[in-house]
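The exercises below are to be worked with the sequence and the model at hand. Each task is followed by a solution in steps.

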Amino acid sequence: MCGIAGIHRGTWGRAPRRDESLAMIGALHHRGPDGTGIEAGDTVGLAHARLSIIDIAGGAQPIANEDGRIRVVFNGEIFNYLELRAELQRLGHVFRTQSDTEVLVHLYEEHGEDFLQQLNGQFAIALWDDHRQRLLLARDRTGIRPLYFTQADGRLLFASEVKALFMLPEVKRRLDPVGLAQVFSYWAPLGDNTVFEGIRQLPPGHRMVVEGDRLHTDCYWDWTFPDGTPPPRDEREAAEELRALLLDAVRLQLRADVPVGAYLSGGLDSSIVSSLIRHQTDTPLDTFSLTFEDAEFDESEHQQAMVRHLGTRHTTVRVSRAHIGAAFGRTVWHAETALVRTAPTPLMLLASAVRAAGLKVVLTGEGADEVFGGYDLFKEAKIRRFLARAPQSTWRGRILERLYPYLTHSPMAARGVTQRFFSEGLEHQHQPWFAHATRIASTRRVLQFMRPELAERVAAADPYQALAATLPAGISRWSPMARDQYVEAHTLMSGYLLGAQGDRVAMAHSVEGRVPFLDHRVIEFANRLPPQLKLRGLAEKYLLKQATRADLPPSITQRTKQPYRAPDSASFFQDGRPTEEVAELLSPQSIEAAGLFDADAVGRLSAKCARGRAIGFPDNMAFVGVLSTMHLHRQFVQPAVFGAT
């Protein structure tokens, strides 16, 4: 894991300077504190901040091929680099290092831009072909590693984080109401959008080729599903194949020249990963978990059951509301986006504990819910499609009582509320976003707190039309659950879970997170499965449990899924009073100066939260959305001269 930055001058922009590269990469020191590499040529400047994990002594970047005409910097890991290296050596390529980075330049020599298909990894790559005067930017298949770009004064600028781009004064620092509105609908901007005007991100599974002033972007990999419902599969055979794939994914992702630990939440997914690690090595495993003072969010009982089962060396970080409130601003600084939940903040605190324990790498259980149908959202959609056949039926609503047993303020508490909740959005039942319609509507409550002129502008845009523009042409032929999974993977997962709640908060403390469930072979296998092997009735991740049940205690495999959550608006108030920072950020003067929200409306929302009456998701998301946006404005837009806080 590292940070990268660079400049391409185009045909009329000025040549990149070393001091510009130094400024950009300096802003990414937290991503790579172990070394800095800079190369400034006439056309392209490349910069790298290194977190040394493989080939500690010899893996410094940029790295070139034999004749020096192809050079690369990249952030991430190529997990199958040993196999690729052996094949390239057989073809006559000469290696000067033992790093995974060096395979990239030689693979490019052999396969051109299609070398990306050979990679099993998580990465953001910048490769310069001096002979062809061609720059290639590429991002891994599911968007685990970030890559941003912008154009200013005729030049293309790119970096692992937006703050590196803002180190150059020609890059304007303005929030984009459209990008914010997308966060306040889907939890993350869509496609290549961001919350900053003029700043774009390379979407997951995409590459960009730059020649002169010509930029061409295309998709080299995407989630695909069979048309219709896939044919039945023998369950035992499928479970054995899945377990073998997961074992191999974990085996590859354990490759490192430094110790590797694991997050252990007490849920199914991280428990599977930790168990599979124990199958690969006799080295004692370091595991890390969060516990909460609020019992509603705490899973320590299940965490300790897994610690005893595996015999790991375990570290817990106990988080209070005050901890979240104090660290939330720093979370926003690293996330570089508006947020509608505080959940990334405890994970940032956990990454600090990982680093304090002397580790740089952890494996996590992220991605299993998207790949194998684990979220309540998939269950909700199944029930709502079921109820759509007779929306006025009262007895069918009883099935809803099986959902959300972990919520103190469950929407299932009142039968009337239940019926209304699951009857909303039925007009979308044949659309790919049907499963997400209720979440989108709930999250868009934040828009009510924007200034009237902005609210009118963003509310006029159809959120479903914007989403539809990002979907593949053949999605209507897929099964309903396949459509649900695709939308989830391309909104919440890639934009929020892997970004703000994943890479950004881990790298805040120079920690690399690895996600075996998002090995592309695992995704492609799962996408070919019939839906009933993922969601059997209302039993989530059916085949995954079958494949791994021998590795886990029954208390883990049989427990009801409890999604990771953290206290939201309650984290910013004590005894009915906001923290000093929140009071200042949400004061009428600050709100008016930022020009984004309606001060009176925000004041009413804040007062409601102070009284402890914001118990539902919409109010909590609205409060966190407003507060995080105000942090963004204070940190990125307001300073006369930009610099790290």
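A residue is called buried if its relative accessible area is under 20%, exposed if it is over 50%, and partly exposed in between. The model is predicted.

**Exercise 1.** Classify F115, which has a relative accessibility of 0%, as buried or exposed, and do likewise for Y108 at 5%. Then describe the aromatic pair of Y108 and F115.

Solution. Step 1: F115 has a relative accessibility of 0%, so F115 is buried. Step 2: Y108 is at 5%, so Y108 is buried too. Step 3: a pair of aromatic rings is described by the distance of the centres and the angle of the planes. Step 4: for Y108 and F115 the centres are 6.2 Å apart and the planes stand at 85 degrees. Planes over 60 degrees apart count as edge-to-face, and the pair of Y108 and F115 is edge-to-face.

**Exercise 2.** What kind of aromatic pair do F573 and F623 form, and in which elements do the two residues lie?

Solution. Step 1: the ring centres of F573 and F623 are 5.4 Å apart, with 50 degrees between the planes. Step 2: the pair is tilted. Step 3: F573 is in strand β18 (residues 573-574) and F623 in helix α24 (residues 617-637). The two residues are 50 residues apart, and the pair links distant parts of the chain. Step 4: F573 has a relative accessibility of 13% and therefore counts as buried; F623, at 1%, is buried as well.

**Exercise 3.** How many aromatic pairs does the structure hold, and which residues do ring pairs link into a cluster? Over which rings do R341 and R384 lie?

Solution. Step 1: the structure holds 16 aromatic pairs. Step 2: F166, F196, W333 and F636 are linked by ring pairs into a cluster. Step 3: R341 lies over the face of F617, 5.1 Å from the ring centre. Step 4: R384 lies over the face of F434, and here the distance to the ring centre is 4.3 Å.

**Exercise 4.** In what order do the strands of the open sheet of 5 strands run, and which are the edge strands?

Solution. Step 1: the order is β15-β14-β13-β16-β17, with parallel pairing. Step 2: β15 (313-319) and β17 (512-514) are the edge strands, each pairing on one side only. Step 3: from one strand to the next the twist averages 30 degrees. Step 4: strand β16 (residues 361-363) is joined to β17 by 3 bridges, and L363 has R514 in β17 as its bridge partner.

**Exercise 5.** Which strands are joined to β8 by bridges?

Solution. Step 1: β8 (residues 148-152) is mostly covered, with 4 of its 5 residues buried. Step 2: 5 bridges join β8 to the antiparallel strand β9 (residues 155-159); Y148 has A159 in β9 as its bridge partner. Step 3: β8 and β9 form a hairpin with 2 residues between them, and D153 in the turn has a positive phi of about 55 degrees. Step 4: 2 bridges join β8 to strand β10 (residues 200-201), also antiparallel. In β10, R200 is the bridge partner of F149.

**Exercise 6.** Is K545 buried or exposed, and which residues does K545 touch, not counting those up to four places away in sequence?

Solution. Step 1: K545 lies in helix α19 (residues 542-548). Step 2: the relative accessible area of K545 is 16%, so K545 is buried. Step 3: beyond four places in sequence, K545 touches L268, E540 and T557.

Methods. Residues numbered from 1 in each chain as written. Predicted model: local features only at pLDDT ≥ 70, side-chain atom pairs only at ≥ 80, totals over all residues. Heavy atoms only, no water. Phe/Tyr/Trp six-rings, centres within 6.5 Å; stacked < 30°, edge-to-face > 60°. Buried < 20%, exposed > 50% of the residue type's maximum accessible area, 1.4 Å probe, protein only. Lys NZ or Arg CZ within 6 Å of the ring centre and 35° of its normal. Pairing = 2+ DSSP bridges. Axes fitted to C-alpha atoms, helices over the stretch in contact; angles between N-to-C directions. Contact = heavy atoms within 4.5 Å.
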